[in-house]
Amino acid sequence: MSSPAPTEYPDKIDGAVLKIAGVVVLGAIMSILDITVVNVALPDLQTTFTGEGNPLPYSTVAWTVTAYTLALATVIPLTGWAADRFGTKRLYMLALLLFTAGSLLCAAATSINMLILFRVVQGLGGGLLMPLGMTIMTRAAGPARMGRLMAILGIPMLLGPIGGPILGGWLIDKVSWHWIFLINLPLGIAALVYAQWALAKDAPEPTESFDWLGMLLMSPGLAAFLYGVSSIPEEGTFLSAKVLGFTGLGLLLILAFVFHSFRPEHPLLDLRLFQNRNLTWSVVTMFIFAGAFFGGLLLVPTYLQTVRGEGALDAGLLVAPQGIGAMITMPIAGALADKLPVGRIVPFGLATITLGMFGLTQVDGNTSYWGYLIPVLFVMGLGMGATMMPLMTSAIKTLTSHQVARGSTLLNISQQVASSIGVAIISVVLTNGLRKDELVTQAAAFGEASAADPNNPSLLQQFPLVGEILARFGNDAAAGQAALQSAVQNAMGEVFGNTFLVAAVMVAFTLVTASFLPRKHEESHLLDDADAADVAPPVILH
């Protein structure tokens, strides 16, 4: 039997590819924007979902981020099999529908627990959007145009950090937090109509049996592990029964999956790929990087709103320089990755991020924006743009076409798990730091007590640090309150700076693992254009 004729692709990015790219980019923008938009909304959610007048703990509202990430991580391993089983167009439209429906449910939430639950629904759709979109695009463009393809699909990665905080801040300040989710309704409807028109109908062709036992071990194991890790900030300790119970159960199930995964021919996650040295070190580097960077990234808008008293819109605008920095270096790094070994590119990006993260350790309650904070965030953005694309390229460059989809899955899983761990670690460090600072805790308690009983003369004796500051100004109550506010602001700023130090040390560790990335050119095993339809691409992480 003769083999099918090779598919011929034009050398340039033509209109047919751009039409399909519009669908994929729109879906990716929805998914990535939603992460950065919610980051800006966390302080507002702290004061919204409370019936007793006291703001919710930061660790509680951080679950709105963690739940989304958890859902992403648990659904990604199913994507490759599901695409073969149901067809990419049908599954992609289902993912869009699920994400849009989840967004509507989030907007209708009346409690923080409902919002967290509906974020899971949203994450199930979002977890399918990115890998499916990349598969659709690669089949349309072919491997010869992969570099330019990645540049197109880098658009949502840039729009997310820049546009998300600004859009989220504007919606929260001018309308309400509900609209950070309702904005997905017109986007989702447009994407569904566009996908129905632009994507060619594909016939499902199941080629592999589904690893049911692997799914029953891996997905619950991953969910239990992430739930336990994400409970650390709420519990305030790594040693609580809840944390140890769920993380222990999760690790046991994941360990059982590891032993199982070497038995079936087509496991849910192919751990045999770790025999590839480049993939292994790329995944390890990505894991540490994602935990440190994305955990630290969550702190910036919270610092601006909680410590500096900025509105959500202003906080979003102040974070934008980071995305601008990434916009500058990402296309340069992508072009260099085709010419130079990634081991000679990624360490410079990671060193730049490390420099920026250590810079954030110096923030306090009065740090200059233009004189310090904005340049530091811009430097971090430069490092991010020089790190992400080359690191993903390194992971898949020496894999065969059949292995690329599985390698992308391992990268996605590691990044999502690391993000959850990073957010949990950073949240618990920040929460415990604020709890242990005597001035911060006394000032908060003094505010509550004076609001309940403003004429109580013994309040200053109950809260000596507060009383010491107010006593310096005698009867000038306004000056005393201003001095107290400034002192508390500086104390909170120092706690944030100490928390950034944890993230900075974590990022610094990536310089060690990055030293094992390839420093010499290695032959790519990706197939030629004739087999492009079988090639699955690296997934843009989010």
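Over the ring of which residue does the charged end of K19 sit? Select K19 and W197: the charged end of K19 sits over the ring of W197, 4.9 Å from its centre. Such a placement requires NZ of Lys or CZ of Arg within 6 Å of the ring centre and within 35 degrees of the ring normal.

The model is predicted, with local features needing pLDDT of at least 70 and side-chain atom pairs pLDDT 80 or more, while totals for chains, interfaces and linings use all residues. Residues are numbered from 1 along each chain as its sequence is written, and side-chain values use heavy atoms, leaving out hydrogens and water.

Next, colour by secondary structure: the protein has 24 helices and zero strands, taken as DSSP runs (H or I, at least four residues; E, at least two) numbered from the N terminus.

Select W281 and F516, one of seven aromatic pairs in the whole structure. Their ring centres are 4.2 Å apart and their planes at 10°, so the pair is stacked; pairing needs centres within 6.5 Å, and planes under 30 degrees apart count as stacked, over 60 as edge-to-face and the rest as tilted. W281 belongs to helix α14 (residues 277-297) and F516 to the segment after α24 (477-514), so the pair ties together parts 235 residues apart in sequence. Both W281, at 24% relative accessible area, and F516, at 35%, are partly exposed (between buried, under 20%, and exposed, over 50%; 1.4 Å probe, protein chains only).

Move on to F49, W177 and F181, which form one aromatic cluster.

Note on methods:
Rings of Phe, Tyr and Trp (its six-membered ring) pair if their centres lie within 6.5 Å; planes under 30 degrees apart count as stacked, over 60 as edge-to-face and the rest as tilted.
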